[in-house]
Amino acid sequence: MHEMSICQGLLDQVERIARDQGASRVESIVLSIGPLSGVEADLLGRAFEVARMATVAENAELEIQTGPVVVACRSCGASGEALPNRLLCPSCDTWQVDLVQGDELLLLRLEVSGITATAGEED
């Protein structure tokens with residue numbers, strides 16, 4: 001299950017951001033996962049339950065958002081949604097399309113708490 005290694009990479013990034021912000025806890029993590037990303041949202045959620053232990057995100061809530069597959073046609077110039085298993089232009093039905101959206105795995109938002117003032121900052 002490669003979702004565990006993806007989750008570990010995500011938590012490395014989350015811990016780095018929390019550390020850079022001087023935060024001691026992560027309250028929530030919001031991800032965007034495209035249908036063509038190769039990541040199963042349910043499996044990622046289960047992997048997160050295990051991987052988050054003993055990290056700053058130990059009590060964090062994970063929210064996973066999914067979006068559509070969007071293509072742009074090289075033939076007619078149209079763009080629009082397509083089915084993940086049928087990447088065709090929604091206007092002219094050709095297969096000559098470029099993927100615009102749908103293969104992403106993005107960290108959209110991170111809510112942290114327990115932020116301490118860094119040295120050199122004034123109250």
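I looked up Ser 113 and found it in strand β6, residues 105-113 (strands are DSSP E runs of at least two residues, helices H or I runs of at least four, numbered from the N terminus). This is a predicted model, where local features need pLDDT of at least 70, side-chain atom pairs count only at pLDDT 80 or more, and totals for chains, interfaces and linings use all residues. Residues are numbered from 1 along each chain as its sequence is written, and side-chain values use heavy atoms, with hydrogens and water left out.

Is Ser 113 buried or exposed? I get buried, at a relative accessible area of 15% (buried is under 20%, exposed over 50%, partly exposed in between, with a 1.4 Å probe and protein chains only). Leaving aside neighbours within four places in sequence, I see Ser 113 in contact with Ala 23, Ser 24, Arg 25 and Glu 27 (contact is heavy atoms within 4.5 Å). The side chains of Ser 113 and Glu 27 make a polar contact at 2.5 Å (N or O atoms within 3.5 Å, one able to donate a hydrogen and the other to accept it; residues adjacent in sequence count only if both atoms are side-chain atoms).

Next, the sheet. I find 3 strands in an open, mixed sheet, ordered β2-β1-β6 (strands pair if DSSP finds at least two bridges between them). β2 (61-66) and β6 are the edge strands, each pairing on one side only. β1 and β2 run parallel, joined by 6 bridges. I noted that Ile 29 has Leu 62 in β2 as its bridge partner.
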